[in-house]
Amino acid sequence: MERRLAFVGLTLENVVQMDCLFRDVWNIPVMEKVIRERFNGKYPVRKSIQTNFAHTGGEKGLLFQADAVAYCGTTN
């Protein structure tokens, strides 16, 4: 996510919302730990969802997916 944001001159500090899809919602503490480490106290609003489609691909299939909205205010 950091690399994608950098392409448009933004950082994780610009992220204001995340939608997080889990194969197993009990993994939320793992996501929370990463957010605490990477977002430097400026945490985005989050929605966490467990989804049945994540099993596609077998044991090594999708475990987690995050979609984010970043905001860049205008300068005058």
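Which residues make a nonpolar surface patch of about 290 Å²? Select Val16, Val69 and Tyr71, which together form it. Patches here consist of residues with over 30% relative accessible area and no salt bridge, with like charges joined within 9 Å and nonpolar side chains (Val, Leu, Ile, Met, Phe, Trp, Tyr) within 5 Å.

The structure is a predicted model, in which local features need pLDDT of at least 70 and side-chain atom pairs count only at pLDDT 80 or more, while totals for chains, interfaces and linings use all residues. Residues are numbered from 1 along each chain as its sequence is written, and side-chain values use heavy atoms, with hydrogens and water left out.

**Overview of the chain**

Colour the chain by secondary structure to show two helices and three strands. Their order from the N terminus is α-β-α-β-β. Helices (H or I, at least four residues) and strands (E, at least two) are DSSP runs, numbered from the N terminus.

Next, display the surface. The accessible surface comes to about 5900 Å², and carbon and sulfur atoms account for 55% of that. Of the 76 residues, 21% are buried, where buried means under 20% relative accessible area, exposed over 50%, and partly exposed in between (1.4 Å probe, protein chains only).

Contacts also describe the fold: among those between residues at least 6 apart in sequence, 75% join residues at least 24 apart. A contact means heavy atoms within 4.5 Å.

**Stop 1**

Return to Val16, which is found in strand β1 (residues 15-22). This valine has a relative accessible area of 41% and is therefore partly exposed.

Now select asparagine 14, in the loop between α1 (2-6) and β1. Asparagine 14 counts as buried because its relative accessibility is 19%. Its side chain reaches the backbone nitrogen of threonine 11 at 2.8 Å. Beyond residues up to four places away in sequence, asparagine 14 touches Val69, Ala70, Tyr71 and Cys72.

**Stop 2: the nonpolar core**

Select Leu5, Leu10, Leu12, Val15, Met18, Cys20, Phe22, Met31, Ile35 and Phe39; these ten residues make up the largest nonpolar core. The elements giving two or more residues to this core are β1 and α2 (28-38), and β1 gives the most, with four. A nonpolar core is a set of buried Ala, Val, Leu, Ile, Met, Phe, Trp, Tyr and Cys residues joined through side-chain atoms within 4.5 Å. In soluble globular proteins, nonpolar side chains tend to be buried together.

Leaving out residues up to four places away in sequence, methionine 31 touches Cys20, Phe22, Arg46, Ser48 and Phe64.

**Stop 3: the salt bridges**

How many salt bridges does a search of the whole structure find? The search finds four, each being a side-chain nitrogen of Lys or Arg within 4 Å of a carboxyl oxygen of Asp or Glu. Three of them can be visited in turn.

- Select arginine 38 and glutamate 2, whose side chains meet at 1.9 Å, N to O. The pair links helix α2, which holds arginine 38, to helix α1, which holds glutamate 2, across 36 residues. Arginine 38 is partly exposed at 42% relative accessibility, as is glutamate 2 at 39%.
- Select aspartate 19 and lysine 47, whose side chains meet at 3.8 Å, N to O. Aspartate 19 lies in β1 and lysine 47 in β2 (residues 45-50), so the bridge ties together parts that are 28 residues apart in sequence. Aspartate 19 is partly exposed at 22%, and lysine 47 is partly exposed at 42%.
- Select arginine 46 and glutamate 32, whose side chains meet at 3.1 Å, N to O. Because arginine 46 lies in β2 and glutamate 32 in α2, this pair ties together parts 14 residues apart in sequence. Arginine 46 is partly exposed at 30%, and glutamate 32 is partly exposed at 22%.

**Stop 4: threonine 51**

Finally, select threonine 51 in the loop between β2 and β3 (64-70). Is threonine 51 buried or exposed? Threonine 51 has a relative accessible area of 16% and is therefore buried. Apart from neighbours within four places in sequence, threonine 51 is in contact with Leu21, Phe22 and Arg23.

Terms used: Areas by Shrake-Rupley, 256 points an atom, 1.4 Å probe, with all protein chains shown as cover. Polar contact = N/O pair within 3.5 Å; in protein donor to acceptor, adjacent residues only side chain to side chain.
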